[in-house]
Amino acid sequence: MLDTKLVQQISDTFKRGKSIRRNLPLKSKLVIDQKLPYLCVYRFNEKPDPYLASLIKTQGAYLILNAGLEASALLKTIIEIAIEDFKSFMIVEIWNDEIAIDGTTVRLLYPKGKVSATIDSFIKGFSEFKTILPRIKVIAEDTKRRHPEMLPPLIELDELKKTGTLLIGIALHALFTDVESNTYYPLFFRKIKRKFSEVIKLAAFEFVRVQSDNKFEHYLMLGKTRLDNLVRSADKRICEISEKMNFILRITPVNTNVAWEKFQKDKFLKPPHFTYRLISLDPEIEKRKLFNIPIENIEHPTLAFLLRDKRMELEKQLIMLEERGTKKFMNTSESVYGNIPAEVKDAALSILNDQLPNEQLEYTTVNAVDFARSANAELEKYREYFPRLMLSVKVKDDVSGLIVSAAELSIGKDLLISERRVEALIQHEVGTHILTYCNGHAQ
């Protein structure tokens with residue numbers, strides 16, 4: 001049984017609407033990101049199944065509970081406080097279905113004739129798993145027995161009825177494992193995990209919408225709201241690698257003008273030869289750092305997806321640094337940034353061929369120094385907001401055109417542009433690229 005003082009502490013925190021992350025006895029854990037009208041529960045015997053535990057960790061409120069730990073007092077306290085705010089409460093207990101004949105069945109256990117909108121949402125959500133698991137079967141059973149076969153009820157149904165609490169049972173086998181060979185498919189599990197997270201939140205939102213005083217305008221508001229230390233650490237480490245790489249400068253040739261003149265001299269028959277800045281890091285070591293970040297342990301499925309996607313982008317950029325000056329560079333680049341759409345290519349060719357209608361010749365131009373002066377005046381507006389960042393504009397002889405790298409705008413010394421384009425370019429380079437970098441740092 002849980003200590004009375006511990007239950008009281010959790011109760012006080014929950015009542016104030018504060019975040020709860022508590023390790024409980026016997027490897028149990030309670031997490032409640034915000035005051036929510038539902039709680040996901042998974043009970044285990046000797047040790048928790050890492051995959052089932054990972055599924056319910058996608059929710060903003062969950063309890064991973066050792067079956068030998070009596071927690072009814074804790075649950076009753078949480079229910080009592082939540083009902084004061086929401087008028088009703090839902091518990092979703094999830095377990096591994098030992099009696100399933102295969103790994104493609106989901107059994108949904110619910111009270112007959114009640115909360116039809118919520119049950120329909122569960123059925124619809126799990127049925128949509130067919131897009132990733134065509135053979136899945138969803139079986140809905142109205143029954144009083146809504147807990148694992150070998151375990152007692154979390155709380156007796158009569159007590160739940162008195163408080164207006166709905167108990168839903170979800171029995172599923174390992175949808176992401178081949179039952180016969182016991183082979184686990186991690187990439188497939190990621191898809192299951194993200195879809196499962198959405199199904200639970202959508203059903204909970206239907207419950208809230210119909211059964212309680214709805215304080216949530218969208219189902220995503222029921223999701224996780226707190227960034228734990230693992231997310232913050234992963235984000236920081238990825239950011240450090242990204243900034244250290246200085247990618248744009250490293251893949252920009254330093255001899256563009258000379259290469260162009262040589263290209264013209266060769267009557268455009270020989271491909272230009274470019275030279276690049278030296279790289280002050282080892283791509284292999286940086287890739288190792290990237291994959292030492294345990295993104296697979298992040299509970300929030302959306303944040304895990306975003307961080308994993310960014311890690312893949314950085315990995316490919318590091319490969320591109322190794323492939324500078326080779327034909328492979330283009331292939332890797334297209335895998336990161338995609339191909340050029342035909343309409344964009346046609347527009348570019350029209351500009352180069354001077355075929356756009358109503359185009360007027362420009363006679364007033366601005367050089368690099370004057371452009372730098374205007375850009376620096378724009379940067380001055382932001383320096384007081386970001387005093388820790390060295391916002392700068394530099395005119396360089398190893399840059400062609402305009403390049404933003406972190407908080408620095410580099411301007412090629414031979415820059416010559418139409419006066420009419422100055423303001424638009426400054427808003428793009430400073431007001432978009434540099435300001436985006438600054439805002440990212442501030443967060």
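Predicted model: local features only at pLDDT ≥ 70, side-chain atom pairs only at ≥ 80, totals over all residues.
**Entry 1: F189.** F189 comes out at 6% relative accessibility, so I noted it as buried, the cut-off being under 20%.

**Entry 2: its ring partner.** Next I asked which ring F189 pairs with.

**Entry 3: where the two sit.** Y51 belongs to helix α2 (residues 50–56), while F189 belongs to helix α6 (residues 186–211). The pair therefore ties together parts that are 138 residues apart in sequence. I also wondered how exposed Y51 is. With a relative accessible area of 27%, Y51 is partly exposed, whereas F189 is buried.

**Entry 4: a tilted pair.** I moved on to F126 and F129. Their ring centres lie 5.6 Å apart and their planes are at 50°, so I wrote this pair down as tilted. Are these two residues buried or exposed? Both F126 and F129 are buried.

**Entry 5: a cluster.** I followed the ring pairs onward from F126 and F129 and found a cluster that also takes in F122 and F196. Counting aromatic pairs over the model gave me 11.

**Entry 6: charges over rings.** Last, I looked for charged ends above ring faces. R194 lies over the face of F305, 4.3 Å from the ring centre. K35 has its charged end over the ring of F14, at 6.0 Å from the centre of that ring.

Notes
Residues numbered from 1 in each chain as written. Heavy atoms only, no water. Phe/Tyr/Trp six-rings, centres within 6.5 Å; stacked < 30°, edge-to-face > 60°. Helix = DSSP H or I, 4+ residues; strand = E, 2+ residues; numbered from the N terminus. Buried < 20%, exposed > 50% of the residue type's maximum accessible area, 1.4 Å probe, protein only. Lys NZ or Arg CZ within 6 Å of the ring centre and 35° of its normal.
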